[in-house]
Amino acid sequence: MARKFITLEKLEKEMDLKNLTPEIDYEGREITVPEINRPALQLTGYFEHFANERVQIIGFVEFSYLQKMELEERKRAFDAFLAREVPCVIFATGVVPGEELLETARKYSTPIFCSDKSTSTLSAETIRWMNEQLAPTISIHGVLVDVYGEGVLIMGESGIGKSEAALELLKRGHRLITDDVVQISKISDVQLIGTSPDITRHFIELRGIGIIDVKMLFGVQSVQNQHTIDLVIKLEEWDKDKVYDRLGMEEEYTELLGNKVVCHSLPIRPGRNLAVIVETAAVNHRQKKMGYNAAQELYKRVQENLAKKRREK
């Protein structure tokens, strides 16, 4: 996996920050951890375990504490804080630091920004966005479609019919996220996000026809830039000697970036309508998440029927 980082320029633009130290050149400076730090103890002089590599956010409480200090004491506290080489400092809730603090920032070439957003809102939005940007990412061969709100990743050998299945799903009103190459990012231990490389976004390759532009052919409602990966369907050639699951009593999983995702192996043979099967798998998966399992319901009925027959004997 390639090393990932965020530039301060990108953070400033995305979070709509105001730069209070435009004379400081921060081009090329990088953020490599998707977390923030609110320097409370650090302003009192305690720097053990200080996460100086994080974006530093000063809220109203920290700012009020600084303002109650004498001028020289405030300058010493802020000087000791910035001497630890933090990537940047953001003042939230619209508060603006005094010139003595900005002068200290210029001394250490530390960019100072401010935001009108509340501290909690700014912190949450910054962490969420940085988590997306810095999430571990892999690229795999497959097709990702949005079927009834479920992100279905269709995998299989080249030429087995993944793109054709996606095309039929598009005709039935579902949406394409990406064809051929799926970029998967691990947002959390329970969530994976799939997206398309910029260069191939909204395109599908159909053997015998060539490249088609889904957005132009089917309209903007037929495409989406990203989606969670909720279900994996692996297409494979039908093997008459292989025993396939016919009940689905127990879920099978595949692992992507350490996350387990429900996976169905779907044998391909003439006459099987892949789009209808994928739709059904997506709806069935959604039902299971809502607490209903058809296989378990059938098993329950069979057991009740057997128990009834034993009582009648």
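Me: Which residues lie nearest the centre of the second largest pocket, and how many line it?

Reply: Lys4, Glu132, Gln183, Ser185 and Thr195 lie nearest the centre, in a lining of 16 residues. Rolling a probe the size of a water molecule over the atoms shows where empty space is left. A pocket is an open set of points on a 1 Å grid over the protein atoms alone, where a 1.4 Å probe fits, with protein on both sides within 12 Å along at least five of seven lines; lining residues have an atom within 4 Å of a point. This is a predicted model: local features need pLDDT of at least 70, side-chain atom pairs count only at pLDDT 80 or more, and totals for chains, interfaces and linings use all residues. Numbering starts from 1 along each chain as its sequence is written, and side-chain values use heavy atoms, without hydrogens and water.

Me: Which elements each supply at least two residues of that lining?

Reply: Helix H5 (119-134), S12 and S13 do. Helices (H or I, at least four residues) and strands (E, at least two) are DSSP runs, numbered from the N terminus.

Me: What is the order of the strands in the open sheet?

Reply: Strands of a sheet pair through backbone hydrogen bonds, either parallel or antiparallel. Pairing requires at least two DSSP bridges between two strands. Here the 4 strands run S8-S12-S13-S16, with antiparallel pairing. S8 and S16 (226-228) are at the edges with a single partner strand each, so one side of each has no neighbour in the sheet.
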